Amino acid sequence: MCAGDSPSSSKTNYSWLYFLGSHDSFSYWVDEKSPVGPDQATAIKRLARISLVKKIMKKWSVTQNLTFKEQLEGGIRYFDLRVSSKPGEIGQEIYFIHGLFGIKVWDGLMEINTFLEQHPKEVIFLDFNHFYAMDDSHHFFLINRIRSAFGSKLCCVECVEYVTLQYMWEKKHQVLIFYHYPLYREFPFLWPGNKMPAPWANTTNVHKLLQFLETTLEERSRYGTFHVSQAILTPRVKTIARHLVRGLKNTLVHR
């Protein structure tokens, strides 16, 4: 959806518009042959030496089956991103990660930028909220990648109330980057993570999730920030243990 479908919406503050988002947005493809990611406990890394364990991990790591392009075409405009270096790999390449490694971040950014080039009035939110096995040099590498990918499309930090669709169109901006790491202070196009709070229900119970979403929506800051409503159920260790073969989709998503 384009928030500017009506004249009034183009002047509406962005924090008062609703956009669709995806969780672990990159996990449509994770590599069973890759090492287990540094986001996992040591015990899981040891178990993953058994090939079957990685197959099971994939069933619980993939949170959707659409590529970035397909998600964008389906209306997704907010992307939840977790990234990591590959320990032991030469260089500073950064990958998406959720249990197992996904594609290179650069490849994902290029796919997103291609869509934006074809749709100059669309605006997206990229929320880099988890970093693993990364020191400052890795962050500088990633930030430079972001700048190279989007260039003048990047919207610099501004008072949230000033950011309307009309504002973005006039400035020819299309991308807001939220970066949950202190180095955001050194780059004007990196919005601090606290401008995109995303309270998490952490439950497998649908009723509790709905209650949580209603409560947090009512309590969200009325001014100065955006807000994420995470309408997702989260598996616990015992959930996975009881439903090893079924996976995330069949155990929780349909619910």
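Colleague: How much of the chain is buried?
Modeller: Buried residues make up 47% of the 255 residues. Keep in mind that this is a predicted model.

Colleague: What about the radius of gyration, does the chain agree with a compact globule or disagree?
Modeller: It agrees. A compact globule with 255 residues would have a radius near 18 Å, and the chain has 19 Å. The C-alpha atoms fill a box of roughly 55 × 45 × 30 Å along the principal axes.

Colleague: How many helices and strands are there?
Modeller: Nine helices and seven strands.

Colleague: Which residues touch the most other members of the largest nonpolar core?
Modeller: Phe68, Val83, Leu126, Phe128, Leu142, Ile146 and Phe150 do, out of 34 residues in that core. Elements that give two or more residues to this core include helix H4 (105-118), strand S5 (124-132) and helix H5 (136-150).

Colleague: And what does Phe150 touch, leaving out residues up to four places away in sequence?
Modeller: Leu109, Ile112, Asn113, Leu116, Leu126 and Val175. There is also a second, separate core of 18 residues, with Leu17, Trp169, Leu176 and Met196 among them.

Colleague: New topic. Is Arg82 buried or exposed?
Modeller: Arg82 is buried, because its relative accessible area is 16% and the cut-off for buried is under 20%. Arg82 sits in strand S2.

Colleague: Which side chain makes a polar contact with the side chain of Arg82?
Modeller: That of Asp24, at 2.8 Å. Beyond four places in sequence, Arg82 also touches other residues, including His23, Phe26, Tyr95 and His130.

Key:
Residues numbered from 1 in each chain as written. Predicted model: local features only at pLDDT ≥ 70, side-chain atom pairs only at ≥ 80, totals over all residues. Heavy atoms only, no water. Core = buried A, V, L, I, M, F, W, Y, C linked by side-chain atoms within 4.5 Å. Buried < 20%, exposed > 50% of the residue type's maximum accessible area, 1.4 Å probe, protein only. Helix = DSSP H or I, 4+ residues; strand = E, 2+ residues; numbered from the N terminus. Contact = heavy atoms within 4.5 Å. Polar contact = N/O pair within 3.5 Å; in protein donor to acceptor, adjacent residues only side chain to side chain. Rg over C-alpha atoms; globule rule 2.2 N^0.38 Å.
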